[in-house]
Amino acid sequence: MTHESRIDEVLYRKILDCDLLEIFEAHHNAEIDPYYLDRADRNRFAAKQLDRTNIERILNLGGGGARHLQENISSEHIEVYEVDVQGDCDLKVNLDSLEALPFEDGSFDVVCAFDVLEHLEKFHLLNEEMLRVAKDHVLISLPNSAAELFCEFFRNKPQKDPDLDRGVFSKFYGLPLVPPEDRHRWWIYFHDIIRFYYYFSQKHDATLEFWTPRLNARKKIFKSIFGTHIYHALFCPAVWVKISKRR
């Protein structure tokens with residue numbers, strides 16, 4: 001079996017018997033609210049979580065070809081090493097072309113990937129590699145793909161003048177008019193994220209935290225009407241995952 005496909009059968013059977021929402025609640029840090037409106041805002045939020053004196057080196061995968069994360073970190077002692085396929089970065093490479101990240105074990109205090117992994121075929125490999133080169137923890141954000149149905153489709157507001165490489169309703173899904181330069185490789189549900197990273201953390205004996213946006217008045221109504229399962233499956237827009245190595 002390949003590196004990406006190996007699985008712990010005993011652990012897998014254990015997870016089959018678990019309630020994924022119970023796992024989420026057990027590992028959910030409700031004190032952190034990842035609320036943001038755009039990439040710049042997302043980087044400001046991430047920087048706030050990372051701006052700690054005991055962190056010196058951060059590896060940021062797929063930062064967008066700019067140094068947004070570094071610009072938002074106030075501590076002058078923290079260095080952000082950027083890896084991207086384009087733009088201003090320290091290592092320019094297509095992450096899907098790699099069989100391993102070109103760094104030694106524990107080279108960085110923290111390794112980050114914000115709304116990046118869903119773009120990559122080598123999703124599983126990159127998760128393994130991120131944890132390998134992290135000394136302390138990994139911080140990941142992933143969109144809940146199903147939330148797009150309600151954010152775009154059910155509002156019946158297609159783009160009036162969409163880019164040729166995007167679908168009518170969606171930038172990363174749908175059928176574009178020309179082959180797109182980039183799109184999401186994975187349609188990931190909320191429950192997929194919880195199951196995958198619970199398995200991943202158990203497999204590596206790591207601690208796990210989930211962060212999700214706090215409920216506003218409208219989302220509280222949705223949750224009360226549809227219930228917890230449907231709310232998380234269809235209305236929760238994103239999940240942040242923090243995986244920490246045990247010392």
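A residue counts as buried when its relative accessible area is under 20%. The model shown in these close-up views is predicted.

View 1. Alanine 238 belongs to strand S7, which covers residues 238–244. Beyond residues up to four places away in sequence, alanine 238 touches Tyr36, Leu142, Pro143, Asn144, Trp211, Thr212 and Pro213. One of these residues, asparagine 144, is 94 residues from alanine 238 in sequence, yet the two C-alpha atoms are 5.1 Å apart.

**View 2. Serine 244 lies in strand S7.** Serine 244 has a relative accessibility of 16% and therefore counts as buried. Not counting residues up to four places away in sequence, it touches Asp136, His137, Ala206 and Thr207.

**View 3. The largest nonpolar core has 48 residues.** In soluble globular proteins, nonpolar side chains tend to be buried together. Within this core, Leu59, Leu61, Leu95, Leu101, Leu117, Tyr197 and Val241 touch the most other members. Helix H7, residues 190–203, supplies the largest share of the core, with eight residues. Apart from this core lies another, made of 19 residues, including Tyr36, Phe45, Phe114 and Leu139.

**View 4. Leucine 59 and its contacts.** Neighbours within four places in sequence are left aside here. The residues in contact with leucine 59 are then Tyr81, Val83, Leu101, Phe103, Phe108, Val110, Val111, Cys112 and Val133.

**View 5. Cysteine 112 and cysteine 236 are both buried.** Cysteine 112 has a relative accessibility of 0%, and cysteine 236 has a relative accessible area of 1%. A disulfide is a covalent bond between the sulfur atoms of two cysteines. The count of disulfides in this model is zero. For cysteine 112, the closest cysteine sulfur is that of cysteine 89, at 16 Å, so the two are too far apart for a bond. The cut-off for a disulfide is a pair of sulfur atoms within 2.5 Å.

**View 6. The largest cavity holds about 40 Å³ of space.** The model has one cavity of 30 Å³ or more. The lining of the largest cavity consists of Arg42, Asn43, Asn60, Gly62, Gly63 and Phe114. By type, the lining residues are one nonpolar, four polar and one charged.

**View 7. Arginine 214 sits in a loop.** This loop runs between strand S6 (207–211) and helix H8 (217–234). Arginine 214 is partly exposed, because its relative accessibility is 46%. Leaving out residues up to four places away in sequence, arginine 214 touches Ala30, Glu31, Ile32 and Asp33. Glutamate 31 is 183 residues from arginine 214 in sequence, and their C-alpha atoms are 9.1 Å apart.

**View 8. Aspartate 115 and aspartate 205 have positive phi values.** Most residues other than glycine have a negative phi. Phi is near 50 degrees in aspartate 115 and about 50 degrees in aspartate 205. Aspartate 115 lies in the loop between strand S4 (108–114) and helix H5 (123–133). With a relative accessible area of 22%, aspartate 115 is partly exposed. Aspartate 205 lies in the loop between H7 and S6.

Definitions and conventions: Residues are numbered from 1 along each chain as its sequence is written. This is a predicted model: local features need pLDDT of at least 70, side-chain atom pairs count only at pLDDT 80 or more; totals for chains, interfaces and linings use all residues. Side-chain values use heavy atoms; hydrogens and water are left out. A nonpolar core is a set of buried Ala, Val, Leu, Ile, Met, Phe, Trp, Tyr and Cys residues joined through side-chain atoms within 4.5 Å. Buried means under 20% relative accessible area, exposed over 50%, partly exposed in between (1.4 Å probe, protein chains only). Helices (H or I, at least four residues) and strands (E, at least two) are DSSP runs, numbered from the N terminus. Contact means heavy atoms within 4.5 Å. On a 1 Å grid over the protein atoms alone, a cavity is a set of points where a 1.4 Å probe fits but cannot get out, and a pocket is an open set with protein on both sides within 12 Å along at least five of seven lines; lining residues have an atom within 4 Å of a point. Grid points are joined across faces, edges and corners, and a volume is the space filled by probe spheres set on the points. Ala, Val, Leu, Ile, Met, Phe, Trp, Tyr, Cys and Pro count as nonpolar, Asp, Glu, Lys and Arg as charged, and the others, Gly among them, as polar.
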